[in-house]
Amino acid sequence: MSEDLRLGGIAILDYGSQYTQLIARRLREMGVYAEVFAYDAAPEHINQHHPRGYVLSGGPNSVYEVGAPPLPRHILDSGLPVLGICYGLQLLMHTLGGAVLPSTTDREFGPATIIHTTPSPLLDGLPEQMPVWMSHGDKVTTLAAGFVALAYSDGSPYAVVGDPTRRYYGVQFHPEVRHTAYGTEMLHAFATRICGCAPRWTPVAFIDSAVEAIRRQVGAEQVILGLSGGVDSAVAGALIHRAVGDQLTSIFVNTGMLRLHEPEQVLQVFREQQGMRVIYADATEQFLDALQGVTEPEAKRKIIGRLFIDVFKEQADQLKGVRFLAQGTIYPDVIESAKGSKAAHVIKSHHNVGGLPEQLGFELVEPLRDLFKDEVRKVGTALGLPDHIVWRQPFPGPGLAIRCLGDLTLPRLDKLRHADAIFLEELQKAGLLIGDTAQCFAVLLPVKAVGVMGDLRTYEEVIVLRAVQTDDFMTADWARLPYDLLAQVSRRIVNEVTGVNRVAYDITSKPPGTIEWE
């Protein structure tokens, strides 16, 4: 039996920073398993995988305020190393007898430089001066007993502090963001040099461990999977198929809201290349009938969600002896659903974290629930899935229904499908579809514009192009695509897509906008 790869990693206590997930991602990128927990989660939950150290994340609160999130006593009683980041540093000082006060003229937001003054396991081997990313209005004014200053900045006399005896360390900046030049090295030093973690978390090791776990859970029982063609369900399906073969049956529902040729591509990859058993249900007419006259975005989502379950259940009911339902739940879904916290606010509810299994009466198999999206892609590549599946850009559950604003008719959806395919094709030709853009697509507006084509007046619909760049999808900026590329896309859409005479480009960041239009 293979060893659980999650044992002996780092437990991260989340105090509300927008960067908390990045801490875990950076540690995992270096092969160290890291897991995020609500700061108020039960000790047995936080310690379930026997971590070798803790990280206290940043957060929006001030430690001296009434009701500020505290440092659980069991963390200090554990005798394990602790690294506090931003609020986490201030929390360490405040809890252990130091002083934290609001800054007045020397608050730090954005780039800063720290000066490394004192040798320590956290900073040894790094330059004397290092660019970092600050984001704080409070600062430590008095160190707790046992701590010494390791580095300072213009606004923070205690930008890095440490108590080498107890192996407690703190940084006032964010080592997890790319703007901190040597942040990865600092996190690596804490995890390996101070905590003694071993870099065992790799895609190949994960596959071996997951296959064994799936076989142990499923035994000789049957499993069904809702296959969407997106990377999460695709990798989950390939992984489960490797573990139990034809015990897995995938159900692929065509809602009529998919991209051009997507159903054919999914069936070709999973039936023919992967040799998986796939049931194909074309429910286009059912979905279009149910959505007739519905234009409000949330109403569209609810109708599609309910009908998808109905169609999926209809297909599943025809299979006999199925005990397990597989889902492509990934780690951010679990974090955002606030599982294990008494106080955390739910950011958003995810359909694959609850609801569907209860309605269908199956036990869950979720082999990817410990992985971030970038890790899912690495596992998919290691499993031999083609790049156009592994690197497929995010696609919303309701599909084109929330990119086709206004009435949902087959002619309008086909118009949008064609325009979207042209945009993606030209991005692919320019080498900008993978890496340079995180998500890009076309939107069909429910308005018409006057134009002229062949000396004749036209009055036709408008396509908007959307392309964004982001690391985490929590914030995003519009992609500065080359003008010549946009001109080529516009020219092709107007010439090749009947019923469109105008193309616009969306240059709204998130916030204030969202990535999708609905």
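Cys86 is buried, at 5% relative accessibility (buried means under 20% relative accessible area, exposed over 50%, partly exposed in between, with a 1.4 Å probe and protein chains only). The model is predicted, so local features need pLDDT of at least 70 and side-chain atom pairs count only at pLDDT 80 or more, while totals for chains, interfaces and linings use all residues. Residues are numbered from 1 along each chain as its sequence is written, and side-chain values use heavy atoms, leaving out hydrogens and water.

**Cysteines**

- Zero disulfides turn up in a search of the whole structure (a disulfide is a pair of cysteine sulfur atoms within 2.5 Å).
- The closest cysteine sulfur to that of Cys86 belongs to Cys195, 20 Å away, which is too far for a bond.
- Cys404 is in no disulfide either; its nearest cysteine sulfur, that of Cys440, is 19 Å away.
- Cys404 counts as buried, at 0% relative accessibility.

**Cys86 and helix H4**

- Cys86 sits in the loop between strand S4 (82–85) and H4 (helices are DSSP runs of H or I, at least four residues, and strands are runs of E, at least two, numbered from the N terminus).
- Its phi is positive, about 55 degrees, although Cys86 is not a glycine.
- Most residues other than glycine have a negative phi, and most peptide bonds are trans.
- Helix H4 (residues 87–96) is mostly covered, with seven of its ten residues buried.
- The buried residues in H4 are Tyr87, Gly88, Leu89, Gln90, Leu91, Leu92 and Met93.

**Helix packing: H6 and H13**

- Helix H6 (residues 203–218) packs against helix H13 (residues 373–382) at an angle of about 80 degrees, and their axes are 9 Å apart.
- Axes are lines fitted to C-alpha atoms, for helices over the stretch in contact, and angles run from 0 to 180 degrees between N-to-C directions.
- H6 and H13 are therefore roughly perpendicular to each other (65 to 115 degrees; under 35 counts as roughly parallel, over 145 as roughly antiparallel and the rest as oblique).
- Pro203, Phe206 and Ile207 in H6 meet Lys378, Val379 and Ala382 in H13.
- Five residues of this contact are nonpolar, none is polar and one is charged (Ala, Val, Leu, Ile, Met, Phe, Trp, Tyr, Cys and Pro count as nonpolar, Asp, Glu, Lys and Arg as charged, and the others, Gly among them, as polar).

**Loop residues**

- Gln327 lies in the loop between strand S15 (322–326) and helix H11 (331–336).
- Gln327 is buried, at 5% relative accessibility.
- Thr180 belongs to the loop between strand S11 (168–171) and helix H5 (183–194).
- Thr180 is buried, with a relative accessible area of 4%.
- Neighbours within four places in sequence aside, Thr180 is in contact with Pro131, Val132, Trp133, Phe173, His174 and Pro175 (contact means heavy atoms within 4.5 Å).
- His261 lies in the loop between strand S13 (248–254) and helix H8 (262–273).
- Phi of His261 is positive, near 65 degrees, and His261 is partly exposed, with a relative accessible area of 48%.

**Cis peptide bonds**

- Lys510 and Pro511 are joined by a cis peptide bond, with omega about -15 degrees.
- The bond from Pro511 to Pro512 is also cis, with omega near 15 degrees.
- Pro511 is found in the segment after strand S20 (500–505), and Pro512 is found in the segment after S20.
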